[in-house]
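Hi,

Here is the structure I promised to pass on. Have a look at it first, and then read on for what I found.

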Amino acid sequence: MIPNAISSVCTVSRFRNGSTENTDDILAEETPVALVYNGIAHVVLMATPADITELALGFSLSEGILTHVGELYDVETKNGCNGIEVHLEIASACFRLLKERRRNMNGRTGCGLCGVESLEAVRPDLPEVARGHIVQAQDIQAALQTFDKYQTLRAQTGAVHGAAWVEEGIIVKLFEDVGRHNALDKLLGWGAKNNIDWQRGWVLVSSRASYEMVAKAAAMGVGLLAAVSAPTAFAVRLAEQAGMTLIGFAREHQYTVYTHPDYIQTACSGETKQAV
């Protein structure tokens with residue numbers, strides 16, 4: 001039976017300073033999660049077995065299977081010997097479109113393009129993000145100062161990513177997962193369920209900013225995405241196209257803004273900064 005816990009204990013031999021000791025180590029669990037739409041299996045994600053309904057909803061919305069929460073009529077999870085099945089009942093119009101574009105997709109812990117049938121499908125047609133909210137530079141620093149303490153599973157295992165929703169420098173909610181895409185989808189699913197206004201804050205992730213992280217966030221209307229690691233050039237182009245502010249190398253006391261720096265304001269002068 002697939003474990004329901006998000007972590008497990010393993011006895012290991014640890015080599016340090018020329019000596020070996022047997023000790024316990026905490027490992028993050030990684031479980032196959034199958035998303036089944038109206039009785040038809042669509043994709044299997046390798047994910048941390050927590051917040052599964054948020055993962056399923058966030059994936060469905062950020063991948064364009066659903067356009068809003070009201071198109072999801074019911075969701076049920078079933079634990080089995082081989083993993084977790086999530087059965088989603090969706091609107092017939094959404095299911096019809098899904099069947100038309102179905103492709104053989106693998107879990108999104110890799111490149112995120114497995115099963116794409118044409119080069120045209122690589123670049124998503126992103127609508128421009130509605131903007132207006134200005135993010136204060138000191139709020140970015142405040143969130144970065146507390147980011148690590150919210151990532152409890154990462155502190156225990158070192159094997160997961162975090163995605164956080166931030167408002168006025170305060171981390172309101174954070175989700176963790178072995179896959180950076182999954183962590184973001186969990187956050188987006190939670191936000192959709194709770195009618196979060198994506199322009200009242202911004203998203204902070206513990207990973208690099210790949211094209212798909214930008215595409216998922218922009219598809220939901222997120223105005224600012226900050227990543228602790230680097231963005232790719234493709235991600236920067238997509239963020240520029242979508243009108244999203246993209247931050248990379250986000251650390252305490254410094255970060256780099258790659259697109260639309262005019263939506264970041266310093267506390268004292270009102271001026272914007274591209275690199276702090």
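This is a predicted model: local features need pLDDT of at least 70, side-chain atom pairs count only at pLDDT 80 or more; totals for chains, interfaces and linings use all residues.

The secondary structure comes to 7 helices and 14 strands. The accessible surface of the protein chain is about 13,100 Å², and carbon and sulfur atoms own 48% of that. As for how the chain folds back on itself, take the contacts with a separation of 6 or more: residues 24 or more positions apart account for 52% of them.

Next, the inside. The largest nonpolar core has 55 residues, and the ones touching the most other members are L35, Y37 and I90. Helix α6, residues 211-220, gives the most to this core, with 7 residues. Another core lies apart from it, with 20 residues, including W202, V228, A250 and V257. In soluble globular proteins, nonpolar side chains do tend to be buried together.

Setting aside neighbours within four places in sequence, L35 is in contact with I40, A41, H42, V43, L45, A56, F59, V86 and L88.

Then there is a sheet worth a look. It is open, has 6 strands in the order β9-β8-β10-β11-β12-β13, and its pairing is mixed. The edges are β9 (170-177) and β13 (254-259), each of which pairs on one side only. From one strand to the next, the twist averages 20°. Within this sheet, β11 (residues 224-227) and β12 (residues 245-251) run parallel and are joined by 3 bridges. Across that pair, A226 stands opposite I247 in β12.

Going on from β11 you reach V228, in the loop between β11 and α7 (233-242). So is V228 buried or exposed? It counts as buried, because its relative accessible area is 16% and the cut-off is under 20%. Not counting residues up to four places away in sequence, V228 touches F147, V205, S206, S207, F249, A250 and R251. Of these, A250 is listed with V228 among the members of the 20-residue core.

Cheers

Key:
Residues are numbered from 1 along each chain as its sequence is written. Side-chain values use heavy atoms; hydrogens and water are left out. Two strands pair if DSSP finds at least two bridges between them. Helices (H or I, at least four residues) and strands (E, at least two) are DSSP runs, numbered from the N terminus. Axes are lines fitted to C-alpha atoms, for helices over the stretch in contact, and angles run from 0 to 180 degrees between N-to-C directions. Buried means under 20% relative accessible area, exposed over 50%, partly exposed in between (1.4 Å probe, protein chains only). Contact means heavy atoms within 4.5 Å. Accessible areas come from the Shrake-Rupley method with a 1.4 Å probe; for residues, only the protein chains shown count as cover. A nonpolar core is a set of buried Ala, Val, Leu, Ile, Met, Phe, Trp, Tyr and Cys residues joined through side-chain atoms within 4.5 Å.
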